[in-house]
Amino acid sequence: MSDGTRDGNLLIIPRDLTGDFPRGTWRLTKRDGFYVANFSCPRCGARGGLGHGTNHTIADDGSVSPSVVCDDAACGYHDFIKLDGWSMRLVANDDVARAAKEAGERVLRDARVDPEMLSKPTI
Ligand SMILES: [Zn+2]
C-alpha cells in the first residue's frame, strides 16, 4: 500500500496539469482515436498506458480495473487506483450524434469525453 488519498480501496491518482508528469499522476492523451490515460507509477515513476488498447479499463468515474502492476518488475508496485478528474459521459448534442452516425463508434466514444476534462491540457 502506498501513501495517499483513498476512495475505499482505490488510491486516488491526481491528474498532472504541470507538464512535469511526476510519479503518481496521470495525463490525458489519445490512442487510435480513443481518449486514454498515461499513468506514472507512484513508487518509481515508470510510465504506462491505461484504457483502450491496453489491459486496463477505465470506468466513467475513473476507476481502473483490474489492479495496476508496475511495468518495472524490480519496483513491484501493485495497487487499485482511480484517476481523479477522469470524466466520461454521453453528450447530448445533435452535431455530435450526427458525426457519430457518419463516422461510427469511434467518434461516439470520443463524444463521451466530458468537455470539462478536455478544457485542461492534454499531451
Ligand atoms: Zn514502479
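Strands β3 and β4 pair in the antiparallel sense over 6 bridges, where pairing requires that DSSP finds at least two bridges between two strands. Strands (E, at least two residues) and helices (H or I, at least four residues) are DSSP runs numbered from the N terminus. Within this pair, Thr 29 stands opposite Val 36 in β4. The structure is a predicted model, in which local features need pLDDT of at least 70 and side-chain atom pairs count only at pLDDT 80 or more, while totals for chains, interfaces and linings use all residues. Residues are numbered from 1 along each chain as its sequence is written.

The β3-β4 pair belongs to an open sheet of 3 strands with the order β3-β4-β5 and antiparallel pairing. Strands β3 and β5 stand at the edges, each with a single partner strand, so one side of each is left without a neighbour in the sheet. Neighbouring strands of this sheet are turned by 35° against each other on average, direction ignored; the axes are lines fitted to C-alpha atoms, for helices over the stretch in contact, and angles run from 0 to 180 degrees between N-to-C directions.

The loop between β4 and β5 (47-50) contains Gly 45. With 15 C-beta neighbours inside 10 Å, Gly 45 counts as partly exposed. By the definition applied, a residue is buried if 20 or more other C-beta atoms lie within 10 Å of its own, exposed if 12 or fewer, and partly exposed in between, with C-beta atoms placed from the backbone. Leaving aside neighbours within four places in sequence, Gly 45 is in contact with Arg 23 and Ser 40, contact meaning that the C-beta atoms of two residues, placed from the backbone, lie within 7 Å. Arg 23 is 22 residues from Gly 45 along the chain, and the C-alpha atoms of the two are separated by 4.3 Å.

Another open sheet consists of 3 strands in the order β1-β2-β10, with mixed pairing. Here β1 (6-7) and β10 stand at the edges, each with a single partner strand, so one side of each is left without a neighbour in the sheet. Strands β1 and β2 pair in the antiparallel sense over 2 bridges, with Arg 6 opposite Leu 11 in β2. The hairpin of β1 and β2 has 2 residues between the strands, and Gly 8 in this hairpin takes a positive phi near 65°. On the other pairing of the sheet, β2 and β10 run parallel and are joined by 3 bridges. Leu 11 stands opposite Ile 81 in β10, and Ile 13 stands opposite Leu 83 in β10. Strand β2 has a covered face, formed by Leu 11 and Ile 13, and an uncovered one, formed by Leu 10 and Ile 12.

In soluble globular proteins, nonpolar side chains tend to be buried together. A nonpolar core is defined as a set of buried Ala, Val, Leu, Ile, Met, Phe, Trp, Tyr and Cys residues joined through C-beta atoms within 7 Å. The largest such core has 15 residues, of which Ile 13, Ala 37, Phe 39, Leu 50, Ile 58, Val 64 and Leu 83 touch the most other members. At least two residues of this core are supplied by each of β2 (10-13), β3 (26-31), β4 (34-40) and β10 (81-83). Strand β4 gives the most, with 4 residues. Apart from neighbours within four places in sequence, Ile 58 is in contact with Ala 37, Leu 50, Gly 51, Val 64, Leu 83 and Trp 86.

Over the whole chain, there are 3 helices and 10 strands, which follow the pattern β-β-β-β-β-β-β-β-β-β-α-α-α along the sequence. Of the 123 residues, 22% count as buried. Among contacts with a separation of 6 or more, residues 24 or more positions apart account for 43%.

Two exposed positions were also examined. Thr 18 lies in the loop between β2 and β3 and, with 9 C-beta neighbours inside 10 Å, counts as exposed. Thr 18 and Pro 121 are 103 residues apart in sequence and 9.2 Å apart in space, C-alpha to C-alpha. Glu 116 is found in helix α3 (residues 115-118) and, with 10 C-beta neighbours inside 10 Å, also counts as exposed. From Glu 116 to Ser 87, the C-alpha to C-alpha distance is 8.1 Å, with the two residues 29 apart in sequence.
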